[in-house]
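Please study the sequence and the structure shown below before reading on. The paragraphs that follow consider charged side chains and their surroundings.

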Amino acid sequence: MYSWEIRNFLRERNYYIGGDDLLKVTDPRENPQLTFIEFHPSDNSYYMRDDVGEEFNFTAMPYEEAKSKGLVKERKNRR
């Protein structure tokens, strides 16, 4: 995603991200412009920065909540 897409993605979800959405927004392969990703376990928040200095802050949804909201896709075991 481009940085403007990340910004919109976070805004659309009220800066509360979980499940596969969390994987999508923090994946450096999908977002190569991200140069810094930091997780703060004390409040489940993320801080990210891109290559032009734009900053992103959001809160991670607990796994069980994301699962109950259908945000976690079932994955088949791979061999």
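Does D21 count as buried or exposed? At 18% relative accessibility, D21 counts as buried, since buried is defined as under 20% relative accessible area, exposed as over 50%, and partly exposed as in between (1.4 Å probe, protein chains only). The model is predicted: local features need pLDDT of at least 70, side-chain atom pairs count only at pLDDT 80 or more, and totals for chains, interfaces and linings use all residues. Residues are numbered from 1 along each chain as its sequence is written, and side-chain values use heavy atoms, leaving out hydrogens and water.

Side chains of opposite charge can pair when their charged atoms come close. A salt bridge is a side-chain nitrogen of Lys or Arg within 4 Å of a carboxyl oxygen of Asp or Glu. The whole structure holds 6 salt bridges. In one of them, D21 pairs with R13, with 2.9 Å between the closest N and O atoms. R13 is partly exposed, at 27%. A network of salt bridges links E12, R13 and D21.

Another salt bridge joins R7 to E54, whose closest N and O atoms are 2.6 Å apart. This pair links distant parts of the chain, 47 residues apart: R7 lies in helix α1 (residues 3-12), and E54 in the loop between β3 (45-50) and β4 (55-60). Here helices (H or I, at least four residues) and strands (E, at least two) are DSSP runs, numbered from the N terminus. R7 is partly exposed, at 31% relative accessibility, and E54 is partly exposed at 21%.
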